[in-house]
Amino acid sequence: MGKWVYTFGDGKAEGSSGMRDLLGGKGANLAEMANLGLPVPPGFTITTEVCTHYYAHNRTYPNDLKEEVAAVLEKVGKLTGRLFGDAENPLLVSVRSGARASMPGMMDTVLNLGLNDVTVAALARSARDERFAFDSYRRFIQMYSNVVLGIDHHSFEDILETYKEAKGYILDTDLSAADWRRIVEDYKAKVAAESGKAFPQDPEAQLWGAIGAVFSSWMNQRAITYRRLNSIPESWGTAVNVQAMVFGNMGETSATGVAFTRNPSTGARELYGEFLVNAQGEDVVAGMRTPQNITEAARLAAHSDKPSMEKVMPAVYAEFCRVTELLERHYRDMQDLEFTVERGKLWMLQTRGGKRTAKAALRIAVEMANEGLVSQDEAVTRVDPAGLEQLLHPTIDPNAERKVLATGLPASPGAACGEIVFSADDAETLRSSGRRVILVRVETSPEDIHGMHAAEGILTTRGGMTSHAAVVARGMGKPCVSGAGSIRVNYAAGMMTAGGVTLNKGDIITIDGATGQVLQGKVAMLEPQLSREFATLMGWADRARRMAVRSNAETPADARVARQFGAEGIGLCRTEHMFFDGDRIVAVREMILADDEAGRRRALAKLLPMQRADFAELFTIMSGLPVTIRLLDPPLHEFLPHSDAEIAEVAAAMGASPEKLKRRAAELHEFNPMLGFRGVRLAIAYPEIAEMQARAIFEGAIEAGGKTGKPVTAEIMVPLVMTRAELDHVKERVVAMAEAVAKERGVRVPYQVGTMIELPRAALRAGDIARSAEFFSFGTNDLTQTTLGISRDDAASFLGPYAAKGILAGDPFVSLDEEGVGELVAIAAERGRATRPSLKLGICGEHGGDPASIRFCERAGLDYVSCSPFRVPIARLAAAQATLGAKAADEA
């Protein structure tokens with residue numbers, strides 16, 4: 001008999017924070033808070049192992065689970081002085097999910113469980129408040145019916161709103177006990193009409209219905225989508241937490257709230273959060289009522305006329321501040337807290353590491369290191385490398401004209417511009433066709449997760465700084481304005497009205513997540529400025545990492561950006577990108593149309609000064625850092641026009657015959673150009689191309705060295721090699737050109753000749769190829785295509801189903817396929833260095849900027865990664881984390 005249930009409460013617990021895998025994050029932290037002696041309502045956690053059993057055994061439970069749950073329910077009842085299901089003194093409970101990774105709002109919760117037509121009267125007597133009791137009962141009917149019975153919650157909202165309108169009520173708090181009694185009867189009638197059955201009255205049946213619904217919610221669509229977006233394995237499962245209810249809706253001395261121990265948008269060391277008097281938890285996060293600020297400073301900053309918790313509940317506020325300080329120091333991280341105040345007593349319902357923007361993560365990590373809470377190395381591990389892209393969000397140009405339509409709350413920083421859409425599905429559809437959208441909702445719910453991911457930014461008319469929209473947007477790094485209450489949204493008509501202006505679906509708006517402004521049209525934006533904390537953390541990361549980080553760049557602008565972001569050289573310069581400009585494309589086409597070598601050399605002579613100037617500028621910008629230049633790679637037909645109209649236009653411009661141009665294009669046409677006449681094959685068929693490029697490299701290096709006074713390190717890379725003989729053939733030409741230029745100029749340029757490993761045969765024959773190659777750079781884009789037999793351009797149609805069915809862990813063009821492609825990389829590294837121990841190894845595909853792939857590169861012993869300029873900071877941080885992770889594993 002296994003142990004399926006762990007209890008907590010009364011200053012002790014059977015679990016602890018170290019048991020996240022078994023108890024989930026929520027259960028582990030409830031246990032930890034109980035062990036710390038904090039006021040936690042007693043309860044128990046049903047483990048993630050039950051979830052695994054549930055799905056492995058056709059959604060059934062272990063045989064002894066019900067007996068174990070009954071025993072711990074009795075124990076919780078004794079701690080509270082109540083009995084579950086008792087008609088006179090009933091124990092009421094909440095049932096909540098709790099996976100090991102935080103998934104806010106993605107799974108289901110039921111509050112006030114145990115209420116029925118009998119126990120509601122007992123609750124009214126014990127609380128001496130009939131209104132509170134029936135308010136709690138109607139909430140339970142709505143939540144249970146939605147979560148367990150599958151009845152749309154809007155059905156109940158419609159009943160309530162219709163009743164309020166008929167009575168002239170505005171707020172839920174306007175309703176009396178008699179009103180709530182009537183609403184309860186209407187709700188039960190709705191359940192009977194929708195389900196064909198009366199609302200369940202047996203508390204035990206209610207409990208197991210709710211437990212089953214929480215386990216089932218692990219596989220609901222929004223949870224599946226969230227896991228996919230955040231790389232959370234399905235196999236983890238969720239725990240279920242059953243906890244004695246405490247009530248924030250017992251009048252003016254009761255409240256409920258959500259808080260962060262530091263500002264999750266900026267990272268400032270200040271208590272940040274919201275609360276509602278006489279409310280339950282879902283009222284805050286769902287945005288049904290606009291919440292109040294916890295601190296007086298926040299209230300003043302928000303220009304709110306509603307009193308802060310600091311003013312209306314000073315004793316509770318003081319106790320809450322003590323608890324927040326204790327929890328942050330205990331966990332050594334910013335905490336996200338949920339709490340309830342029941343008749344003046346504070347109860348802690350949850351603590352977890354708070355989701356934060358990248359800007360906040362940087363500041364929190366650096367300041368906690370400076371405060372001595374964490375080490376500098378630990379601070380480096382606290383920031384998600386992929387999240388650094390948030391720091392590259394543009395901001396509104398302060399000099400731009402702003403036509404302000406409305407102002408809401410600045411819920412998530414950054415600015416975004418796009419077409420208005422009113423549904424998550426529309427956002428996803430338009431995004432897939434390359435259009436930028438702003439998702440506009442009255443309020444978001446977990447069902448909108450896919451649309452929020454697709455949108456550039458999110459705008460809601462209801463909800464506060466801790467609403468679903470705000471929390472999820474910050475986690476995604478999306479700009480968000482919430483609670484823009486002056487905006488009226490009409491979903492049916494596909495329109496919104498703000499500031500006297502009516503806008504329709506498809507109209508353009510801009511949102512400013514820093515100020516909360518909603519602006520009409522497209523507004524000019526500025527590139528972001530990186531903070532002092534960014535520079536500090538990157539300095540710590542650079543000291544920690546082993547691998548170098550280079551950038552893929554072929555234009556001066558890219559090279560300068562790469563240097564600005566800390567690149568330590570260029571790992572891939574694609575020379576073909578230099579050939580498409582103005583006069584160059586004409587010379588390239590002349591070379592392609594030439595009838596013999598002499599004609600090709602005449603055309604290449606026109607390209608030489610242009611290539612030389614290109615390389616000289618790149619070498620100058622890199623100022624002595626290594627630059628890896630790939631010789632011409634794509635098939636020649638890519639440089640030629642294809643349609644008759646284009647051919648006629650180009651022929652006229654070149655003074656060439658359209659027929660000859662058309663004939664040459666037909667000769668170069670290939671059925672599978674990715675595996676055709678390209679790469680090293682061009683250099684072997686037309687060695688004069690490689691010779692011209694080699695001369696341009698060496699002469700450009702000499703020119704740059706003269707300007708900077710620093711010796712240039714040139715790395716000449718031959719693409720698509722499958723045999724050493726191919727490499728030898730091209731290397732011979734490069735070496736001869738190096739000698740010729742040295743003799744002509746009297747300056748010898750240090751250089752290396754290497755190859756891209758992008759074919760499986762090259763990886764397997766790496767030991768032989770390394771006899772000639774002085775470095776390998778793994779071109780993992782093509783290596784993935786040739787290993788998996790998948791075209792990157794055509795894979796979108798089936799990669800989604802493959803990932804959804806668990807056939808592939810994810811997109812292999814985003815994160816390296818470690819089992820297949822990764823094994824080839826490891827084989828090539830091992831065999832190459834067995835031949836040439838000093839062999840330099842790098843990666844230059846898109847995987848060079850992917851944190852998961854960078855961790856693999858660390859394990860494989862590569863010397864550097866190379867990525868696009870704007871991903872250089874991500875790679876620097878990921879490389880440091882990979883090094884620190886490897887050290888920790890060695891020490892374990």
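**View 1. Helices H14 and H19 are roughly perpendicular to each other, because their axes cross at roughly 65° and angles of 65 to 115 degrees count as roughly perpendicular**. This is a predicted model, in which local features need pLDDT of at least 70 and side-chain atom pairs count only at pLDDT 80 or more, while totals for chains, interfaces and linings use all residues. Residues are numbered from 1 along each chain as its sequence is written, and side-chain values use heavy atoms, with hydrogens and water left out. H14 covers residues 358–370 and H19 covers residues 532–544; helices are DSSP runs (H or I, at least four residues) numbered from the N terminus. Their axes come within 9 Å; axes are lines fitted to C-alpha atoms over the stretch in contact, and angles run from 0 to 180 degrees between N-to-C directions.

**View 2. Residues of H14 meet residues of H19**. On the H14 side are Leu 362, Arg 363, Ala 365, Val 366, Ala 369 and Asn 370. They meet Glu 533, Phe 534, Thr 536, Leu 537 and Trp 540 of H19, where contact means heavy atoms within 4.5 Å. Seven of the residues in this contact are nonpolar, two are polar and two are charged.

**View 3. Three antiparallel strands form an open sheet in the order E21-E22-E23**. Strands are DSSP runs (E, at least two residues), and two of them pair if DSSP finds at least two bridges between them. The edge strands, E21 (488–490) and E23 (501–504), each pair on one side only. Neighbouring strands are turned by 20° against each other on average, direction ignored.

**View 4. Four bridges join strand E22 to E23**. E22 spans residues 495–498 and runs antiparallel to E23. Thr 497 has Thr 502 in E23 as its bridge partner.

Key:
Angles under 35 degrees count as roughly parallel, over 145 as roughly antiparallel, 65 to 115 as roughly perpendicular and the rest as oblique. Ala, Val, Leu, Ile, Met, Phe, Trp, Tyr, Cys and Pro count as nonpolar, Asp, Glu, Lys and Arg as charged, and the others, Gly among them, as polar.
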